[in-house]
Structures are given as structure tokens and as C-alpha cells.
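I opened this structure for the first time and kept notes as I went. The entries below follow the order in which I looked things up.

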Amino acid sequence: MEQIKTLLIANRGEIACRIIKTAKQLGIKTISIYTPADAASLHVSQADVAIQLSGSNTTAYTDGDAIIKVAKENGADAIIPGYGFLSENADFARAVQKAGLAWCGPSAGAIEKFGVKHIARELAEQAGVPIVPGTKGLVETDDEAIKESERIGYPVMLKATGGGGGMGLVVCHGPQDVRQGFKTVRSRGETLFKNAGLFIERYIDEGHHIEVQVFGNGLGEAIHYGERECSIQRRNQKVIEECPSPFVEKHPNLRKKLCETAVNLAKLVNYGSAGTVEYIVDDRTAEFYFLEMNTRLQVEHGITELCYDVDLVELMLKQADAELAGSGGLPSQVIKSMQPAKPVGTAIEARVYSENPVRDYAPTPGLLQRVEWQQLEGSRVDTWVFTGSTITPNYDPLIAKVMNHAKTRSAAIKGLEMLLSRSVISGPPSNLEFLEAIMRDADFQSGRTLTGFLDGFRYEPCAIDVISSGAYTLVQDLPGRPHVGKGIPHSGAMDPVALSIANMLVGNEHGKEGLEITLSGPELRFLGPATVALTGAPMEFYLDGDPVPMWTRKHIKSGQRIKIGKSTGGGCRSYLAIYGGFPTVADYFGSKGTSPLVGIGGYQGRSLAPGDLLPIARDPPRDQKSHPSVPELLRPQYPEHWEIMAMPGPHQEGYLTQDDVEMLYCSDLKVSHNASRSGIRLIPPRAPHWARKDGGEGGSHPSNLVEYGYPLGTLNWTGDDPCIFPVDCPNFGGFVSSTTTIRADWWKLGQMKAGNSMRYVRVSLEEDLMLRKRVDEYLRQIQKGIQDGDFQDTKPLETSYSPANNFGEAIIWERAAEANRPQVRYRQGGDDFLLVEYGNEEFDINHRCRVTALENAIHDGDAPTWLKSSLVNTVGCCTSLLLFYNGSKMQRSQLVTHLQSIEDRLGDLSHIKVPCRRFKLPLSFESKEQTEATQRYIETQRPHAPYLPDNLEFVAKNNAFTPEQLKHNMLNGELMAVVVGFFCGNTVSLPVDPRQRMSCPKTNPSRVFTPEGTFGWGGSCASIYPVDSPGGYQMLGRTIPCFDYLGYKAGFSIDKPWLFRDFDILTFYQVSEDELNKQLGLFRSGQYKFEWEDVEFDMAAHNKLLQETADEVKEIRSNQAKVQEAMIKAEQQSLTKWREEKQMNKVDEGTVDALLADSSITAIDSPVDANIWKVLVEEKGTLQAEQVVVILEAMKLEINVNVPADLANGKVEKMLVEPGETVKAGAHLALIRRQ
């Protein structure tokens, strides 16, 4: 290349990626442009330079002036437009050349001539190209259109003269069609192309769409690269393309005629660059007629390249280079010498779209959770996506162009079928299987590929079409993701017993993914035969309107519908198992379970919604024709009052008073309306008295602790409010956990619902293991009964137990401090968790060092086999290590002995050097997003608090610093990552220098939205928010996020989506908000490069610093204590005032329960955790179907809660919320009396 050294690609997606590939081969530097919606596209990361456009997602790619400006500012020599957008915009082509840049495409004059369809017809006539009988020019009135149509002969096609890509076309079979079609085409032409003109052509219904690839040098010479057949279309959009055409192959002289006329047309206008002449070919006579000429590179150009061994993009660039050099184009002799004789082999292309084949192929935006392309000899995949890409609603939903080239057409078909069937796209519905079905079709294989091919093609997916979704329906499996940690929730079924039995009934493995249905269920249309079973809490269950029993295998025929209604008894979750599960739902860390709170796993990381499509296994086993059913006496019971077996700990003695302990185990606790997968809030008879006045360095409230790992099933005290932590809870935090539900009773937690009551029953470890075996034996006997058809020896699953009251204490072993070894305690957390705790709850990097050494020793390659096989995960924090192990396989006494031996080996660690990494991160103290989040918090959650409106000023004042001193400390100090997890790799860090340590309360209540990358402070630690999420840390600034769900960004991987690890050192440098936004743009596109270096942390030097600064630190703490005492009083006063304001209109839970006891009253619930933004109805008002009751605000989204159809004409009995309140998913918003 002589002139073009830098190329701007004025396009996006797969065509931009395809152009980049050729440009790199030619040594040309590439500039890609993108919108925020496209930030993660491969065309952004593959280019040498990527520039975000300033316009909106919908208009930026057609803003020619802005694109030329970007090209000039970044030293481009040429612009190539690809296809679509500005590729056939003559004004843009002229503007590019006027700016002194090469235009990689045909001249503006050629674009104009062929862009007006009736003028293109006239040119074709001049070149001797046959044209379809039709009007000579434009038709002005509908009467004239009818007259011309009758002259031409029906059927006819009305065409917008400015149209393209199948838009602005209407087929008419009679006068009425013409009259209506005339209005439609004129309207579309005006709207889409700013040209209302139309003309009419005869419509050839039994035809082939065949096009010829031409290339001209702009000097009067042109050649061709054969033909492509693109007859298989839907709504005039191509689906399958072939080179060469199977129809042309059967008519030996047809190729010569088609190609000669196409070349003549190109020569007539001195056409330069690549172009395509399209024809309609009559299937009966093989006569062909001109349709149009596309003055650009075609979408399907790749199959021509495969059959003719040519790079059309390279030719376009060389032609533009010659034009820029002043020679007008490539030499004619060179062009002539490139004319190929014939195609070699056959290439077939299938366009893979994100679309729903059972909803009329409507586009389906969403996250691609897994993308894998089968690689075969002769295959080619042009794509812009990867695992982690999002198909947005802003652009064409094309995922990829999948091609296969082989010696024969049959081999090409077979190869493409194999490529399609072995490739995987998990996410929203796609047409992958539909394309595969076309490859298997007999008509297609025989070459009978008419333009009406799809009209008679029958495709029957084997899937579930979600008609309605129910209250909260999730894909869940077992055991979830217990081994991952780092803020990836455990996930999995809340009731493992019910899901296991459902899977047994349909013939699946116990842990196979199914649907977890909470409170009320979905309506599902089966598009293929299936075997299903519904277990769990009793719910209405219908098949095509007829009631069917739960706990029974049912065979579903294609076309049938099941509807799961509301709960009809105790319990709140049922489980629908389907034979084979959901094959296309992506695994994430080995599980298909959904963690909706963080948008991970399952179907799009969320609950099901109407329009979702869940492919299922084809052809259920024929040997499962029976209908086994679990007898009613053997089904688990779901009472209103639950006995929950638990073990004391990890924190009970020394935290709760003896009276508190007696209250906990001798009183009934009520299940609050705020009960979900992430937390089951309980209402105790009273608040705890607490055995200590505060939480020391953990915080000002006695429930506060230095952060530690949370056992699953533990009872966590957030202040004075108890909450059970089930499978989607955070994996660490800083609140007391006083008792832990044993593994045998986890299933009960999944069935407790709002309004139920429960009582804890203390058991010993030995009793716990016995109860756990009892559950395992129950499941084994149920499995045997299903297989044998005989449940005679099966015993029911007991829900109560009378213990021996020899339950022991939370602390199972401890050793006092000695020399340079800290005090150590082992605390139990049920039968699967053990917490190793160093010191007395003070932040000390010496403790973090010991935790790291202990954790490394436990995971060492030489660790005992019994430990490796039973250890599930560990959570290391600043002063503690939580071990998660399989208590049914590992003896706790054996584990304790092993840990004690490691302690003896660790010895004195006060002088070691710990390998770690030092990061250099940008930090902006200004953030529009944080300001908006604070303002929304004031408007919708809490209007006044000492930390409002300026979090940073509050934190500084609360620690006897000025704001500038606080900023100086952040920019000149070091923080150590002491724990990574909570949710999504959230990184908690502690200042290394004790003089820079601070303490402050978290917001109360927590914000419902915190921008990703927020650098906040809460308690004694800092935190970097990895994703947009709720949160309570005071916002001090913003940096780069530290989590990438699917691991495609630089610095992350699919098996390590978190960035930081324990003992990493974090440093910050200040940037402006604009600078940070640019870096955030790079991060979102996967291009941001984190700055870090390998270093060692010197414990001896650190301990020397502690000694030297002890007196200074003591004075700082004294000053901080004084101001914090005043701040605590101010917060108490503000909190009391705010609560009193809220309580004035609060409805007590007793009133709610009494009203719900009336069968004519139904609650409308919140679908998500959110703020109440607006209440749009009044009490006693009459409701209409779909009327908006409440507008919620969650994660910057406004969510309407509408009146369900079955509550139309109902009256608002009681509103339970008001603007500014925070509610959990499933919380009651209003009580409605049915009429």
C-alpha cells in the first residue's frame, strides 16, 4: 500500500472485525469507532485505536460529520464503510473525499445512480440487462398503481425507489392489495429513506434470488467473481447464501449470461470497487431479470472469497489506494488478469441471529453467557461476539456469519450442519437450531431453493415457551457453586430435598437443573414432548386446564401447556423438573443455578420472563411410560410453624447475654415479609440486650465484628435484627452470627415463608450428623421406591426432633497468645463450617499474615487426601479463616487436630516477607454518578443524615481529619486487600499505616444503587464496588471496577473473574472525572491495562512501624473517639427523627396478617429489591387491569408494578408502602380486595 497507512472503519460488529483482519495483513493501522452499547464488541478490542463516538447509540454510526472528524483527528488516510449505515450514502462518500481522505467504495455518482431504483432499471436496460416487466418511472397515485399493475399482470411488487435491504417492498395479488400497499410503501419510503417514490414490477413467485459479484477499477474495466444464490429469505432478509448457485450449476450457460450482463452494467458507469448485481431468476424458464445493484460490499461476500480464493476487502483497499495516489484506480491489465475461470468447490453461509423462532423471529437482546464455535477444515466464522457479549436492542441482532467450504455441495452442507450442531450459544434465543434444520431439509439438499422456500418449511423446536413467568421462577440445580467463593454466591436450590425428588421422578440425576418456583408459578407451552414432575410446596397445577397431581411423573405432548398457580398450603417453593434439564443454559463454575441478586448464572442471570425460550432434550426415554408418584404420607410436610435444628456459634458466648440465648431458643421467631434467597429476616420477641457495649474495632454497635466468613444457614444479627443467611447470602461480613442451621434442615429454610413462625432447637454435632444421615436415607429410599414401584419400606421425613440437650458451645478449642503467636480460637458454624480466629477482634496485618499462611498450608499440594476430598472452600479475612467442608465425610476432630499441627508449624511470622502485588489505580474524587446516587438516596430513602449530602466530608470529620487530609492519605498511603468476596469480588482493604486508619458508620439504610468502581469506607475498612449494586459504604471517590463476570477483559479470566487477591497492596493517583470516564470506557471495552508489580511485604518493617508510631496512633485514636462520640449522637438523633416520620404512616404486621387471612384479599408484591419511587393509587380506589400501582426504583431503573389481570376491578384495601421506603423482592406493596 502506497498511500493508505491508517484506515478508519465506519462500521461496527462482524464486518468491522472482518475488515480489521485484512488491514492487519496489509500492515495498515486500524481505527474503530464505537458507541457505549458496543464498548465490548470485538471490533473495539481488535483495532489498533478505538474511539467512542459522542452521539447516541442509535444515531452515532450515521453521523458522517462526526466520523470524518474522528478520522482527521486520528491521522486516518481512508475510510471504509462496510455495509449498512453510511455505506451507500453518496453525500458521505463526497464528504470523505472532500476532507482529503480515500473513500473505500464506489464513487458518489455510482452510489446515487443505483440508489434510485427506477434510474437503476434504466441503466440496466442501457447495458442490455433484462429487466422485470414494470413501470417506466415512478407511480404517483394509487389509481395509477392499480392501472399499471393490471397492465403488468398480477402478482406484482411495489418497491420504494430509495429502499434497500428488503425494506419498502410489498407483494400484491389484486387491486385491494395494491391500494393498501401503495400507502404502506410510500409511508415506509418517506420514513426510512426520505424518499416516498415507488415503482412497480412483476413479482416472480417461483424464482431464485441470484447475484453476481463484480469489481471495477473506475476506469471502464470490470470483472466478476461468479454468482451467489440468496433465495432463502425471511421478510426479504437473507438467511442462507451459497456460492455457486445450485440452480445455475444445473443450467450450464446461465452463469455466462448472468456474469456478462453484470460486468457490462459495471463498465457502463465506470464502476470502481466492489459491487453486486442482483437478479430474480425464473425457476421454470431460467430467464433472469435485473433487481438492483448494491454499491457496497455484501454481507455474504465471504462465500465468494472461499470459492474464488480472493480477498475482496483487500481489492477494495488497493483500489482506494490507487485512487488516492491519483491514478484513478487499479491498472486495467491487472484487473483483467484477475478474472477467474470458475468457482472451486461450494461454500454455504448461514446467518446466525439472536431471535426467537417461536415469536415470529423477533429480535432477542441479551447476554451471551457462552459462545463456542466448532472449528472444521474449510469453515469460517465472521463474528463480533464472544462469551460475555451483549446483544443490544440498538442494532441488527446478527451474531455471526457461519460458513463452510468443501469440494462438493453435499460435503459443504454436511460440514455446515456439523458446525452448527456442535457450536454453542447460551443466552437469549437464537436461530442456530433452525439453521441446522434447514441443512437437513430434503428440498434444500436437492438444491430446490426458491425464494418461497421458508413459506413451506416446517421447523419445530423442542423447547418451553414461557407464556407467563410467575412471581419468581429461577433455573436452579444442586449443589450450586459452593467451591468458588470470592463473592460468587453458593446458589442452588433452596430446598434440595424437593428438587432431588422431582429429578428422581423424571429420571434425572438428583442435582439436574430445574425450575424453582416461589409463591406462584409460570404458564409454559411445550413445543416438544417432555417428562416432568412438580414437587415441593403445594401449588395449583394444571395441564391444558385440567388439574394434575404433584409429586407424580407426567408425560407432556408437544403443544400442551402447564400452568402452575398459587401456593395452596404451607411452604413457598415448588420445583419443576424436566427430563434432561435445560441443555442450552450455560454452566458457570460448573453450575446452571441462578444468583439473581448479582445477575449470575441461570437464564440471563435473572428470573424467567414472558417470551423466554428454554430448549429441552428431544425424545424423552421410551422406557419411562409409567407415572410413579410419591405417596402423600411420604411427602415432606410444610407446616406454618417450623422447628429448625441448629448448633450454637460461631458467635454466641460473650456476644449475647444468657437471657438473649434463652430468648433465641425458647421463643417463637416470626418470619418477616422480607424473606428471600439472600436473607430470611426474622422478628424476635425483643431486641437483644447484648453482652458487650460495642463492637470494638469492628464498629460502634455490639453486633459489629471485624469481617469474617459467613457460614451458610447462620443467624446473622445486622444491628438488633436477626436474619438467616441461605444460599445467596454474602460470603463474609462484619456482623455477629450466633447460631447456625444444620445441613439436614437447609431444606426447611427454603420453605419458610412470610408469616410463618419458627423455633430453634439446639443439637450436638453427633445428633446433627445422625439427622443428616436420616435425610440421605430418606432420599435413597424414595429413589428406590420410584424405581421399584414399591414404597413399603420408606419412612417419612421427620420435621421435628427431641435432642439430648448436650449441644456444647460455640468455641470448640482455643489457645492463649504466646511470644509472637496470637491467641487462636476455633468456632463451630453448624456441621460444615469451622472458623479459625486470631487475636481479639483487632485489625492487625500480623493476623492477616497468619491467616494467609494457614490458608496456604491447608491448600498445599501435600495436604492429606482426606482433607482435599472433603474441603469445599475457604474464606480468609483480616483476622480469621472460615473452612467450608463436607461434615458427613470429614470428622471434625480430625480436622481440628490437623489445624493444630499446622499452628505449631507456623510459629513466629512477625519477620517474614510475604510475596504480593502493588497496584497503581486512578481515583477521582468527583463523580456525576455518585452525586446522582446520593441525590436519589435523599429523595427516595432518607432525607437527612450526618453523612448527607457529602460522604467524604462526613468521613473526614468523623476521624478528626480535614477533607484535604483524607485525600492526601488516600493518594500517598497504601491499603492492603484483607478480603476479597462479599458479592462479585468486592475488595475490602485496610490502610497499612495505622495513622491513616479511619472508622465510620455505613449508611442506614443502604443505598439501592452504588456505581461500579465506587471507592467507599465503612467500619474500619475501604471497599471497591466491583459492579453497579446496592451498598452502604460511604462514597469517597471512584476508581476502576475489580470484577468481570465472564472474564473477557484484560486482567481477568473465565475461571478468575475477580482482580485482587489477599495481601495485594493498593495505591491511588488522582485523576479528573473526565480522565476516569475515559479509563472506564477502556475498561468496559476490555482494553484497560491494570498497572501492578510483584513485590514483597516486609512484616519486620511493618512491625517496626507499629512500634515507632504507637504513641502517635494512640493520640490520633483519642481524637477520633471524641469526634465519633459526637457523630454517634447526631446520627442517633437523625435516625430517631427519620424513623418517627416513617412510623406515622406505617402499617403494623398484625394488621397485614389479619387482612390476608380474608380469602378475598390478595397482595401485590414487589418483583425486586427496590425503593418506592411513586405510589399511583389511593386506598379504596378501584383498579383497572394493567394499571400502574407503584413505580419502583432499582439500579437506576424505574420499574412499574401493574395490576394483574385477575385483580381488575378490585379495590385497594390497604397501601403498605410510601415513597422513600426500601422493599425486598416479594414484599407486599398493597392489599387488594377482589370484587
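I am reading a predicted model, in which local features need pLDDT of at least 70 and side-chain atom pairs count only at pLDDT 80 or more, while totals for chains, interfaces and linings use all residues. Residues are numbered from 1 along each chain as its sequence is written, and side-chain values use heavy atoms, with hydrogens and water left out.

I then looked for disulfides, meaning pairs of cysteine sulfur atoms within 2.5 Å, and the structure holds zero of them. Cys723 is accordingly in no disulfide, and its nearest cysteine sulfur, which belongs to Cys729, is 9.0 Å away. Cys723 is also buried, with a relative accessible area of 5%.

**Entry on helix 1.** Is helix 1 largely enclosed by the rest of the structure, or is it open? I found that ten of its 13 residues are buried, so helix 1 is largely enclosed. Among the buried ones are Glu14, Arg18, Ile19 and Ile20. Just after helix 1, Gly27 takes a positive phi of about 75 degrees.

**Entry on salt bridges.** I count a salt bridge where a side-chain nitrogen of Lys or Arg is within 4 Å of a carboxyl oxygen of Asp or Glu, and the structure holds 80 of them.

I next followed the pair of Arg179 and Asp142, whose closest N and O atoms are 3.1 Å apart. This pair links distant parts of the chain, since Arg179 is in helix 8 (residues 175-193) and Asp142 is in helix 7, 37 residues apart. Arg179 is partly exposed at 30% relative accessible area, and Asp142 is partly exposed at 21%.

Asp1206 and Arg1234 form a salt bridge too, with closest N and O atoms 3.7 Å apart. Asp1206 sits in the loop between strand 63 (1197-1202) and strand 64 (1211-1215), and Arg1234 in the segment after strand 66 (1228-1233), 28 residues apart.

**Entry on nonpolar cores.** By a nonpolar core I mean a set of buried Ala, Val, Leu, Ile, Met, Phe, Trp, Tyr and Cys residues joined through side-chain atoms within 4.5 Å. Which residues have the most contacts inside the largest core? They are Ile501, Leu576, Tyr760, Val836 and Phe1097, in a core of 142 residues. Helix 17 (residues 496-506) gives the largest share of this core, eight residues. Taking contact as heavy atoms within 4.5 Å, and not counting residues up to four places away in sequence, I see that Ile501 touches Thr535, Trp551, Val630, Tyr778, Leu779 and Ile782. Apart from this core lies another, of 49 residues, including Phe954 and Phe1083.

**Entry on backbone geometry.** Most residues other than glycine have a negative phi, and most peptide bonds are trans, so I noted the exceptions. A cis peptide bond joins Tyr154 and Pro155, with omega about -5 degrees, and Pro155 is in the loop between helix 7 (142-152) and strand 6 (156-160). The bond from Gly649 to Pro650 is cis as well, with omega near 10 degrees. Asp360, which is not a glycine, has a positive phi near 55 degrees, and it counts as exposed because its relative accessibility is 56%.

Terms used:
Helices (H or I, at least four residues) and strands (E, at least two) are DSSP runs, numbered from the N terminus. Buried means under 20% relative accessible area, exposed over 50%, partly exposed in between (1.4 Å probe, protein chains only).
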